[in-house]
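The exercises below are meant to be worked through with the sequence and the structure in view. Each task is followed by a solution that goes step by step.

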Amino acid sequence: MDLTGIVYLAGVGIAYAVFWRRSPERSKKALSAGTSSFKGMLPTFIAVFGLVGLFDVFIPPALIERWMGSSSGALSLLVGTGLGTVAAGPPAAAYPIAATLLKNGAWAPAVAAFIVSWILVGFISLPMESKIFGARFAILRNGLSMIAAAVIGLLMGVVL
Amino acid sequence: MASSPAPIKHSLAETLKPYRLVFAVAALYAVAAFSSPAQAYEAASVAVKTFAGVAPIVIAVFAALGLMQVFVDKQAMARHLGERAGLPALLLAAAAGTILVGPVFVIFPLLKSMRDHGTSLSIITTTLTAWAVKLTMVPLEAGFLGWKFSIARMVLTLSAAVVMGPLMGRLMRNESRADICKTEPKVA
């Protein structure tokens, strides 16, 4: 079994124990809030893990290397950022896909850019953001976030 | 009229709606199973193994999500952020964004209420960008991509949040003028 999972599970268990002593009702509420978000995310999880399996077996690594490999440099970074921008979904779904990309020869900075733009840039939420803060803000913020995703990706390449 | 069976049909469609993607993936598996059964089986076993590998983290992530949702007082946090300025405010906003949990349709209205209370666009941008850290998800990310990757991304996202706030503030200068006037008398 994976150690990270067990440590994290134990940590959250302790946190619940502490909060339970403070306020059992609110802890129960927290537990049911967690359960309902999990239920809401379950279909996405099933689909994403299913996709990861298909991806792993059917997409040739050569294809990933060509578009997102380290030898493609700037193109990889652009593809990673672009994929993250158009993809919609919870961040939890981005990680398994990113891991598959990485395993099959994608460049780490491109994968990092993919994750950051997945979370930070939202095509789907653009109308909502424009309505609340104005189109200028929404477009500028999403544009800057795309640049930030690419820069973060590049810096990750230096760190890793 | 056909009004009575209609709601039932509607609710069935509603129940199945979240599973659209699942059906699409299942269809892909069906095609794969027909054309190359061995590979389809391998794909399914990769899927199950991947999920089994992270199942404990997934459970912990959602339990932590619940705790954050209930015990972090979003409204109080928003009020607190609105009253401050300068670098300490940016750092505070970055910290606040980090512990914020919730989907877009919860976060944006919260940010809107911050804006309505006079919070600057810099602070809002920093909070929103730091929200991308997804603190509760970090162990899940580490499970898939390694701790080094996860921590590096977290630190860089936070740095980006602190840089992007003032940058957006400058770019939106004209629109923020009204707020500057609103907060100025307080300083004097």
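**Exercise 1. Domains**

Into which domains is chain A divided?

Before the solution, a word on the ground rules: residues are numbered from 1 along each chain as its sequence is written, while chains are lettered from A and ligands numbered from 1 in the order in which they are written. This is a predicted model, in which local features need pLDDT of at least 70 and side-chain atom pairs count only at pLDDT 80 or more, whereas totals for chains, interfaces and linings use all residues.

Solution. Chain A consists of domain 1 (1-41) and domain 2 (59-159), with bounds that come from an automatic or database domain assignment. The C-alpha centres of these two domains of chain A lie 30 Å apart. Turning to chain B, one finds domain 1 (5-67) and domain 2 (73-187). In chain B, 7 residues of domain 1 are in contact with 7 residues of domain 2, where contact means that the C-beta atoms of two residues, placed from the backbone, lie within 7 Å. The side of domain 1 of chain B that touches domain 2 of chain B has 7 nonpolar, no polar and no charged residues; here Ala, Val, Leu, Ile, Met, Phe, Trp, Tyr, Cys and Pro count as nonpolar, Asp, Glu, Lys and Arg as charged, and the others, Gly among them, as polar.

**Exercise 2. The make-up of chain B**

Determine how many helices and strands chain B has.

Solution. Chain B has 10 helices and 0 strands, both being DSSP runs numbered from the N terminus (helices: H or I, at least four residues; strands: E, at least two). Of its 188 residues, 39% count as buried, a residue being buried if 20 or more other C-beta atoms lie within 10 Å of its own, exposed if 12 or fewer, and partly exposed in between, with C-beta atoms placed from the backbone.

**Exercise 3. Helix H5 of chain A**

Work out whether the length of H5(A) agrees with its number of residues, and then describe its surroundings.

Solution. Start with the span, which is expected to be 1.5 Å times one less than the number of residues. Next, 11 of the 13 residues are buried, so H5(A) is largely enclosed by the rest of the structure; among them are A:Tyr95, A:Pro96 and A:Ile97. The cover over these buried residues includes H2 (24-58), H3 (61-68) and H6 (108-120) of chain A, together with H3 (37-71) and H8 (138-145) of chain B. Just after H5(A), A:Gly105 takes a positive phi of about 100 degrees.

**Exercise 4. Helix H8 of chain B**

Find what covers the buried residues of H8(B).

Solution. Since 7 of the 8 residues of H8(B) are buried, this helix is largely enclosed by the rest of the structure. The buried residues include B:Glu141 and B:Phe144, and their cover includes H1 (3-22) and H5 of chain A together with H3 and H9 of chain B. B:Gly146, which follows H8(B), has a positive phi, near 95 degrees.

**Exercise 5. Where the chains meet**

Which helix gives the largest share of the side of chain B that touches chain A?

Solution. Begin with the totals: 61 residues of chain B are in contact with 61 residues of chain A. The largest share of the chain B side, 23 residues, comes from H3(B). By class, that side divides into 44 nonpolar, 9 polar and 8 charged residues.
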